[in-house]
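Thanks for coming. I will take a few minutes to walk through one protein chain, and you can follow along in the viewer.

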Amino acid sequence: MSQTEIDRALREHSAGRLAEAEAIYREILQQHPNHPPALHLLGVALSQQGNKRAAIDYISRAIALNPNIADFHSNLALAYCETGEPEKAVPACHKALALQKDHSGALNQLGMAMKQMGRLEESVECFQRAVAVQPDFAVCWGNLADSLRRLGRASEADACYERILGMNPEDPKALCARAETFLNKNKIDDAIALFGKAAEKFPSEWITHNGLGVAFSRQGNLDKAVACFEKAVSLAPESAGPLNNLGHTYVLQGRIDEGLAAYDKALAIRPDFPDAYNNLGNALLAKLDLEGASKAYEKTLFFQPDHFDAHWNRALLHLLQGDFDRGWLEYEWRWLKFPDQRRFFRQPRWDGFDIAGKTILLYAEQGFGDTIQFVRLAPLVAALGATVNLECPRELSGLLQHVPGVARTLSRGDPLPPFDVQCPLLSLPRALGLTAESTPRDTPYLRVDENLQRRWQQRLRPFEKSFKIGIAWAGAAIHARDCDRSTDAKAFAPLAAIPGVQLFSLQLGDSTKARSGREAGFELTDFTSELHDFADTAALLMNLDLVIAADTAVVHLAGALNRPVWTLLAFSPDWRWLLNHSDTMWYPSMRLFRQPTPGDWTTLFERVASQLKKELASRSSANPSSLPADDLPAR
């Protein structure tokens with residue numbers, strides 16, 4: 001064998017012509033089957049072509065013949081890391097470092113092994129040692145950045161990406177990592193611009209399209225997100241990540257079966273993928289396959305016991321089934337899912353201990369509807385002998401001024417008076433040990449300003465002969481399941497066509513759906529510009545005959561005021577509405593209308609219109625503004 005043959009193979013190898021290099025290495029080994037360098041380099045070429053097991057075999061044979069070459073042990077460790085066997089990679093790294101203590105490749109491989117074993121701090125130390133030895137080691141800088149990011153050390157990770165881009169301004173992974181930093185800071189437009197630049201420069205790199213898809217999904221542009229994920233999948237059909245993202249976006253679009261198919265493919269590639277199992281559970285729950293969803297969440301937690309999304313989703317599943325004991329316990333995982341909602345006080349959080357004679361701060365943590373629903377528990381806390389102060393969003397403070405049991409109501413951002421203990425509203429059910437049977441059901445528990453109520457009575461006098469229905473069709477677009485719970489104003493057209501009915505808009509806030517009756521194609525009276533807070537809305541509701549709305553804050557307001565309200569629910573509803581009931585434990589005056597199949601608003605509104613016609617036909621002439629009490633379903 002001449003050196004010329006080895007040099008020729010190395011030229012092909014360095015140029016990326018791996019199949020050609022492999023052929024030459026094999027020719028050499030036919031003549032010299034125990035040639036350690038050829039065995040080693042053939043193993044490296046096979047590893048680079050994805051044949052990791054054969055690579056391990058050839059490199060191990062090279063080591064058996066010559067155990068004193070650090071590169072041999074380092075590349076064996078790399079192959080073990082790539083086959084997911086970090087426990088075998090570690091001793092190989094140590095052997096390489098025993099031969100050459102500053103071997104940057106072995107240090108990088110050791111860092112990768114530590115990261116795979118969850119020992120992130122140790123992985124950081126290894127990567128830092130490697131780049132200290134070899135400052136231009138771009139791959140290692142990327143590995144270091146990833147470990148730092150997983151540890152929450154975002155600014156240090158950004159510095160690593162800056163270092164990589166300084167060496168190669170067009171490194172696709174570094175560009176995507178910088179764009180992901182923008183995503184983490186909620187700078188969606190900046191992230192889209194940078195991901196888009198990376199996708200244009202590197203159209204064959206799946207990570208650029210995958211990252212752009214994530215950014216579009218965060219923006220709410222699901223069609224563009226799907227196109228990006230489909231492109232990423234076409235470029236990397238054996239990568240589970242883009243398939244998982246594609247499935248998630250399909251489900252957000254209501255394409256549940258397509259989402260399930262994508263998850264199945266992702267899990268066939270990577271059977272230990274916790275995020276895919278979690279998303280699979282959500283898709284199955286959207287079809288009300290409760291047993292399947294439960295098993296998927298259990299699988300998630302088997303592979304990743306601290307997967308807070310799976311704990312949160314399992315909490316919602318327990319609550320939906322009325323299992324409050326387990327549901328409220330798991331619900332505490334929300335602080336990891338929604339860290340921005342968490343408040344930190346020096347005073348202890350109340351979890352049920354004796355608070356007689358103490359002052360407690362109860363504070364709203366989630367949406368307006370949640371606050372209205374759970375403020376009903378304040379009297380139970382006061383009954384324990386505590387002085388109760390309530391902090392809530394400013395939009396609710398006027399309405400909640402006179403909640404029974406509350407000594408003082410504060411707007412969020414106002415200075416807090418002294419208190420001894422504190423508790424977020426959605427932790428009260430667990431602290432109080434509530435069950436479905438012991439949850440308070442008395443309504444109304446909110447009061448309406450009489451002057452405001454009279455003002456709206458005068459405002460609506462021109463409509464006194466009409467049956468006045470307030471409607472709302474969309475919640476906040478940032479809600480995780482907004483596509484399920486929201487419809488648009490056009491869906492209410494069958495109700496507007498019923499003689500004697502006058503519809504009033506209660507749709508507040510920004511909505512991408514139709515905002516007016518003219519856009520929807522029917523007459524819709526809109527006084528929402530005069531509704532400055534929930535106290536105004538409550539006074540208007542007191543002068544309407546009925547509220548018909550999607551699952552938004554307005555149905556909680558109507559229910560808390562004991563006003564007749566029909567709530568329109570997705571096939572797989574929010575947990576609080578439970579399953580298979582047309583009434584609800586939370587609000588006696590509320591009736592629930594459920595989609596018969598996922599996404600079927602048409603049939604739901606046909607049922608609503610039919611029921612409304614029956615109600616109007618049976619109205620008492622002596623009290624034409626009320627609904628028949630016996631038509632409200634018994635629980």
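I will start with the whole chain, then go through the cores, the strands, the cavity and a few single residues.

First, a caution: this is a predicted model. The protein chain has 635 residues, and buried residues make up 53% of them. There are 32 helices and ten strands in the chain. If you put a box around the C-alpha atoms along the principal axes, that box comes to roughly 110 × 55 × 45 Å. As for contacts between residues at least 6 apart in sequence, 59% of them join residues at least 24 apart.

The largest nonpolar core has 173 residues. Which residues have the most contacts inside this core? They are Trp350, Ile360, Leu362, Leu400, Leu446, Leu541 and Leu557. Take leucine 557 as an example. Leaving aside residues up to four places away in sequence, leucine 557 touches Ile372, Leu399, Leu446, Phe534, Thr537, Ala538 and Leu541. Two of those names, Leu446 and Leu541, were also in the list of residues with the most contacts inside the core. Apart from this core lies another one, of 26 residues, and among them are Phe522, Leu524, Trp566 and Leu568.

Four of them form an open sheet, with parallel pairing, in the order 3-2-1-4. At the edges sit strand 3, residues 406-411, and strand 4, residues 421-424, and each of these pairs on one side only. On average, and ignoring direction, neighbouring strands of this sheet are turned by 20° against each other.

Inside that sheet, look at strand 1, residues 359-363, and strand 2, residues 387-392. The two run parallel and are joined by five bridges.

Next is strand 8, residues 546-550. Why can we call strand 8 largely enclosed by the rest of the structure? Five of its five residues are buried, that is, under 20% relative accessible area, so the strand is largely enclosed. In a regular strand the side chains alternate between the two faces of the sheet. In strand 8, Leu546, Ile548 and Ala550 point one way, while Val547 and Ala549 point the other way, and all are buried.

Strand 8 has partners too. Strand 5, residues 467-472, runs parallel to strand 8 and is joined to it by four bridges. Here isoleucine 471 stands opposite isoleucine 548 of strand 8. Strand 9, residues 565-569, also runs parallel to strand 8, again with four bridges between them. On that side, alanine 549 stands opposite threonine 567 in strand 9.

The largest cavity has a volume of about 30 Å³. Its lining consists of Phe324, Trp328, Phe374, Leu377, Pro429, Leu434, Thr439 and Trp586.

Last, some details of the backbone and the loops. Most residues other than glycine have a negative phi, and most peptide bonds are trans.

Proline 444 is in the loop between helix 25, residues 428-432, and helix 26, residues 450-459.

Another is asparagine 562, where phi is near 65°, a positive value in a residue other than glycine. Asparagine 562 is placed in the loop between helix 31, residues 553-560, and strand 9. Its relative accessibility is 33%, so asparagine 562 counts as partly exposed.

Then there is asparagine 580, also not a glycine, with a positive phi of about 65°. This asparagine 580 lies in the loop between strand 9 and strand 10, residues 590-594. Is asparagine 580 buried or exposed? With a relative accessible area of 76%, asparagine 580 is exposed.

One more loop residue is proline 415, found between strand 3 and strand 4. At 68% relative accessibility, proline 415 counts as exposed, because the cut-off for that is over 50%. From C-alpha to C-alpha, proline 415 and arginine 53 are 64 Å apart in space, and they are 362 residues apart in sequence.

That is the tour.

Technical notes. Residues numbered from 1 in each chain as written. Predicted model: local features only at pLDDT ≥ 70, side-chain atom pairs only at ≥ 80, totals over all residues. Heavy atoms only, no water. Core = buried A, V, L, I, M, F, W, Y, C linked by side-chain atoms within 4.5 Å. Buried < 20%, exposed > 50% of the residue type's maximum accessible area, 1.4 Å probe, protein only. Contact = heavy atoms within 4.5 Å. Pairing = 2+ DSSP bridges. Axes fitted to C-alpha atoms, helices over the stretch in contact; angles between N-to-C directions. 1 Å grid on protein atoms, 1.4 Å probe; cavity = no way out; pocket = protein on both sides within 12 Å on 5 of 7 lines; lining within 4 Å. Points joined across faces, edges and corners; volume = space filled by probe spheres on them.
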